[in-house]
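Dear colleague,

I am passing on to you the structure we spoke of, and I would be grateful if you kept it open while reading the notes that follow.

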Amino acid sequence: MTDLLAFSRPEFPLFVHVLGAMVLVGAVTTAVVAQLVPGIGSVDGDRMRRFSFRTLLLAALPAYIVMRIGAEWMYSKEFDSNSDDPTWIGIGYITADIGALLLLIALITAGIASWKSKNRLGKASGIVAAIALAGWIVAVWAMSGKP
Amino acid sequence: MDLNDWILSLHVLSAFALVGAMVIFWIMIVALWGTDSTSRVASLMRVSQIGTVLVSVGSLGTIIFGVWLAISLDAYQVWDGWVIAAIVLWAVAVELGRRAGKLYGGAGMEAERLSAAGTETSPVVAETFGASRAVQFHAASSLLVLLILIDMIWKPGA
């Protein structure tokens with residue numbers, strides 16, 4: 001496995017994939033915390049919903065696209081499309097595809113919550129984004145440990 | 001998965017926590033750029049708390065599991081050039097990040113105090129959340145972490 005990491009991997013696509021994924025995790029974490037914070041104390045809910053929506057739109061979505069381009073680029077270089085994929089690749093694809101759907105749902109609901117000042121919809125957006133985030137953390141574990 | 005796979009996993013997850021935290025701080029810096037509003041800063045300081053936890057866990061996890069991995073794997077040694085470079089870059093990045101955090105944290109606490117007291121604006125807050133020493137420290141720290149990532153992926157000399 002270490003030989004695979006050190007010598008034969010296409011480094012640049014891996015760099016693009018990992019950097020995109022890291023920014024995605026940071027951006028979605030920010031959006032989740034911002035959406036789930038408004039219930040605490042005197043924090044302005046409208047401001048936090050707008051902040052969360054903008055974070056998802058301007059940071060998380062572009063980062064997801066970069067992560068996915070890096071993944072496809074690396075896959076095309078490393079794997080034969082006719083061969084069976086290892087388990088960790090399957091975990092990566094499942095979490096990426098379901099995560100994309102959840103990210104879009106979270107983005108749309110965050111946008112509506114911000115526009116219409118809907119607190120519960122904002123919280124729902126935060127919870128959906130948190131589920132996607134949990135899946136991506138599992139993907140990071142699978143991609144690095146390769147079970 | 002053997003022990004080395006688990007150590008690698010925890011090392012990579014720690015790196016995600018570290019870079020994720022830096023992204024959280026960048027998003028906050030951009031969102032609060034040039035503001036003098038104490039309530040705006042105070043509301044986002046709550047988001048920074050998770051960033052502070054993640055940066056601590058990520059910084060410690062990357063170095064502990066990274067060095068453990070270099071000792072545990074036969075292919076690499078702690079005294080390999082690219083490993084030493086990563087450790088030096090990590091130490092400098094952590095110190096720069098600590099300085100940025102101290103400046104931003106101080107301004108954030110000041111904003112929370114003033115906001116609670118009913119003061120709407122603060123020149124100190126505006127100065128810190130603009131082109132200040134704090135953003136320079138954070139930018140330098142981020143650049144060094146990016147270099148560590150490049151070093152980890154390309155492994156020059158390995």
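**The interface between the chains**

Between chain A and chain B an area of about 3,100 Å² is buried, and carbon and sulfur atoms give 81% of that area. Within what chain A buries against chain B, Phe15(A), Met22(A) and Arg47(A) supply 20% of the area, which is more than any other three residues. Please bear in mind throughout that this is a predicted model. Counted by residues, 35 of chain A are in contact with 33 of chain B, while the count of salt bridges between chain A and chain B is 0.

One residue with a contact across to the other chain is Thr55(A), which, once its neighbours within four places in sequence are left aside, is in contact with Ala27(A), Thr30(A), Ala31(A) and Ala60(A), and also with Ile27(B). Thr55(A) is found in helix 3 of chain A, which covers residues 45–78. Is Thr55(A) buried or exposed? Thr55(A) counts as buried because its relative accessibility is 4%, and the cut-off for buried is under 20%.

**Chain B as a whole**

The secondary structure of chain B comes to 5 helices and 0 strands, so that, in the order of the sequence, the pattern reads α-α-α-α-α. Taken along the principal axes, the box that the C-alpha atoms of chain B fill is roughly 60 × 30 × 20 Å. Chain B has 158 residues, of which 49% count as buried, and it exposes about 7,600 Å², with carbon and sulfur atoms supplying 69% of this. Among the contacts in chain B between residues at least 6 apart in sequence, 81% join residues at least 24 apart. As for charge, chain B carries 8 positive and 11 negative side chains, and the centres of these two sets lie 10 Å apart.

**Two backbone angles to look at**

Most residues other than glycine have a negative phi. Against that background, Ser117(A) has a phi near 55 degrees, a positive value, and Ser117(A) is found in the loop between helix 4 (87–116) and helix 5 (119–145) of chain A. With a relative accessibility of 40%, Ser117(A) counts as partly exposed.

In chain B, Lys155(B) also has a positive phi, near 45 degrees, and Lys155(B) lies in the segment after helix 5 (133–154). Because its relative accessibility is 11%, Lys155(B) counts as buried.

With kind regards

Note on methods: Residues numbered from 1 in each chain as written. Chains lettered and ligands numbered in written order. Predicted model: local features only at pLDDT ≥ 70, side-chain atom pairs only at ≥ 80, totals over all residues. Heavy atoms only, no water. Helix = DSSP H or I, 4+ residues; strand = E, 2+ residues; numbered from the N terminus. Buried < 20%, exposed > 50% of the residue type's maximum accessible area, 1.4 Å probe, protein only. Contact = heavy atoms within 4.5 Å. Areas by Shrake-Rupley, 256 points an atom, 1.4 Å probe, with all protein chains shown as cover. Lys, Arg positive; Asp, Glu negative; His and termini not counted. Charge placed at Lys NZ, Arg CZ, Asp CG, Glu CD. Buried area = accessible area lost by both parts, 1.4 Å probe. Salt bridge = Lys/Arg side-chain N within 4 Å of Asp/Glu carboxyl O.
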